[in-house]
Amino acid sequence: MVSLFDILGPTMVGPSSSHTAGACRLGLMARAILDGTPERAVMRLHGSFAATGEGHGTHRAMVGGLIGLAPDDLRLRNAYEEAERAGLTWEFHEVELGEEAHPNTAILEVERGGERAVVRGASVGGGRIRVTEVDGFAVELEGNYHTLVILAHDEPGTIAAITGLLAGHRVNLATMRVDRTGRNKDAMMTIEADDPIPDAVFAAIRTFPWLRWARRVEKIS
Amino acid sequence: MHRSIESLIRDAEASGRPLPEVVLSTESDESGVAPEQIRARIGRTLAVMRSAIDEGLKGEARSPSGMTGGRARLLWENGSRILGPRVTTTLARAIATLEVNAAMGLIVAAPTAGAAGVLPAVLISVGEFLEVEEDRLIDAMLVAGAVGGVIAHRASLAGAEGGCQAETGTAAAMAAAAVTWIQGGSHEQVATAVALSLQGMLGLICDPIGGLVEIPCIYRNASAAMQAISSAEMALAGLDFPVSADEVIDVMGEVGRRMPAAYRETALGGLATTASAQRLVQLRPTSKPGKPSGISR
């Protein structure tokens with residue numbers, strides 16, 4: 001839903017809400033999914049991002065997002081220098097993802113201390129973003145909540161186990177979606193919460209035998 | 001947010017509350033944020049708008065493409081030859097914000113970055129000329145926000161979807177409603193100001209040179225600011241418009257949907273494909289590659 005500050009904002013570094021603020025937020029999302037500033041990043045830009053990104057500061061904004069600069073941080077102008085100081089090395093490539101892909105799509109591969117994440121997302125207008133794939137798994141993340149994404153073998157009690165853990169730590173849930181992938185009878189759960197997901201909860205979820213894959217994603221600005 | 005100008009006004013009349021109060025309580029209910037916090041955030045938003053104008057009028061910032069920068073200052077310094085300093089000041093301020101935007105400066109994308117010059121130029125200039133108190137400017141921002149919300153719902157705010165009419169047209173309608181309200185316009189006059197301003201922007205295409213938010217955007221923001229003020233003047237004088245604000249908004253949406261893709265922010269038509277534009281795009285310096293590994297082609 002559109003809020004007043006989607007109209008009277010966002011306050012942002014120019015020149016384009018989709019190509020600059022949105023690109024920055026995609027960088028922030030990749031960073032949030034990796035749970036820290038990456039040491040290395042490879043970014044592939046598709047469509048309009050690739051075609052007009054250069055003049056819109058898209059590359060700079062995305063690199064800035066990776067090191068944690070928000071869309072309204074003037075240091076985005078010097079994001080390359082800031083990123084070098086933060087110990088990030090990066091490269092950009094163009095990619096053709098086909099007609100189906102949103103014109104402002106990017107794939108970000110980020111690495112940090114042996115951890116690696118591959119994030120595919122698009123800038124969908126007004127600085128808003130939608131991440132549609134993480135590590136090859138289909139997801140739907142917009143960065144507006146603290147989020148848990150969990151792929152689990154579809155068996156009874158998985159949802160209860162997770163929500164029980166969250167309730168035990170007094171984490172208030174905003175939304176919850178469960179999609180069964182069909183293949184291997186896996187279920188993808190996306191849980192959005194008002195509060196950060198505590199380390200203890202995430203660590204406990206990772207020990208469940210039915211867990212196939214999980215990511216914790218901090219809310220981004 | 002409200003989904004029609006009609007329902008917004010109906011809510012105000014049914015409750016006997018002023019328009020800004022209706023907008024504020026709706027937003028507070030929907031977001032769970034206290035009204036005072038919303039007002040405070042709008043106050044901070046106005047402060048960013050002012051800083052962007054001040055920075056733009058200094059005229060120092062240049063966009064990476066080199067296409068814009070310094071024009072707001074030129075207008076500001078040369079002053080008015082025809083309608084007087086209020087007009088030139090408002091125009092210069094609209095251009096100032098867009099030049100700051102193009103130079104990767106801090107702006108408020110209200111409703112979008114490409115149309116970010118209109119509302120600040122109109123509100124801050126009118127606020128200054130008529131000595132409007134800050135609280136009343138915040139009220140006017142609430143009215144502007146509600147109008148933008150209705151347009152977002154019924155039509156579009158994106159140039160890629162509806163052309164420039166969706167961006168600077170919406171900004172003009174928001175600003176027209178805001179200043180009509182500031183000057184004590186009736187609900188009907190606020191709605192008429194929305195209808196008058198937006199009908200004058202119908203059909204405007206989005207054809208930025210080189211695909212960048214620079215030319216003609218800086219000038220379109222300036223003319224949209226004038227569109228807003230002239231519509232407010234006419235509405236406040238009691239001139240009417242036979243088509244309702246909501247209907248004009250719907251027409252804007254319809255025109256956007258029927259607009260060829262070449263005129264929707266693709267740089268594949270209009271001014272963007274003229275010989276002059278193509279020469280400019282070839283001449284402009286390319287920005288430095290993304291070190292250390294560069295942008296591979």
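Residues are numbered from 1 along each chain as its sequence is written, while chains are lettered from A and ligands numbered from 1 in the order in which they are written. In this predicted model, local features need pLDDT of at least 70 and side-chain atom pairs count only at pLDDT 80 or more, whereas totals for chains, interfaces and linings use all residues.

**View 1. Chain A as a whole.** Chain A has seven helices and 11 strands; helices (H or I, at least four residues) and strands (E, at least two) are DSSP runs, numbered from the N terminus. Its radius of gyration is 17 Å, close to the 17 Å that the globule rule gives for 221 residues, so chain A is as compact as a globular protein of that length. That radius is taken over C-alpha atoms, and the rule is 2.2 Å times the number of residues to the power 0.38. Along the principal axes, the C-alpha atoms of chain A fill a box of roughly 50 × 35 × 35 Å.

**View 2. The six-stranded sheet of chain A.** Follow the order β3-β2-β4-β5-β6-β7 across this open sheet with mixed pairing; two strands pair if DSSP finds at least two bridges between them. At the edges are β3 (89-94) and β7 (137-141) of chain A, each pairing on one side only. Strand β2 (residues 40-45) of chain A runs parallel to β3(A), joined by six bridges, and here A41(A) stands opposite W90(A). Helix α2 (residues 17-34) of chain A lies across β4, β5, β6 and β7 of chain A, at about 155° to β5(A). For such angles, axes are lines fitted to C-alpha atoms, for helices over the stretch in contact, and values run from 0 to 180 degrees between N-to-C directions.

**View 3. The four-stranded sheet of chain A.** Here the order is β9-β10-β8-β11 in an open sheet with antiparallel pairing. Its edge strands are β9 (173-180) and β11 (211-217) of chain A. Eight bridges join β8 (residues 146-153) to β10 (residues 186-193) of chain A, and H153(A) stands opposite D186(A) in β10(A). Helix α7 (residues 199-206) of chain A lies across β8 and β11 of chain A, at about 165° to β11(A).

**View 4. Where chains A and B touch.** The contact takes 43 residues from chain B and 34 residues from chain A; two residues are in contact if their C-beta atoms, placed from the backbone, lie within 7 Å. On the side of chain B that touches chain A, α7(B) gives the most, with six residues. Look also for β1 (residues 11-13) of chain A, which is joined by three bridges to β1(B) and runs antiparallel to it. In this pair, M12(A) stands opposite I107(B).

**View 5. A proline in a loop of chain B.** P64(B) lies in the loop between α3 (35-58) and α4 (71-78) of chain B. Is P64(B) buried or exposed? P64(B) is buried, because 21 other C-beta atoms lie within 10 Å; the cut-offs are 20 or more for buried, 12 or fewer for exposed, and partly exposed in between, with C-beta atoms placed from the backbone.

**View 6. A stretch of chain B to read with care.** Chain B has a mean pLDDT of 94, where pLDDT is the predictor's confidence in each residue, from 0 to 100. Over residues 287-297 of chain B, however, the pLDDT is below 50. Where pLDDT is low, the predicted coordinates should not be read in detail.
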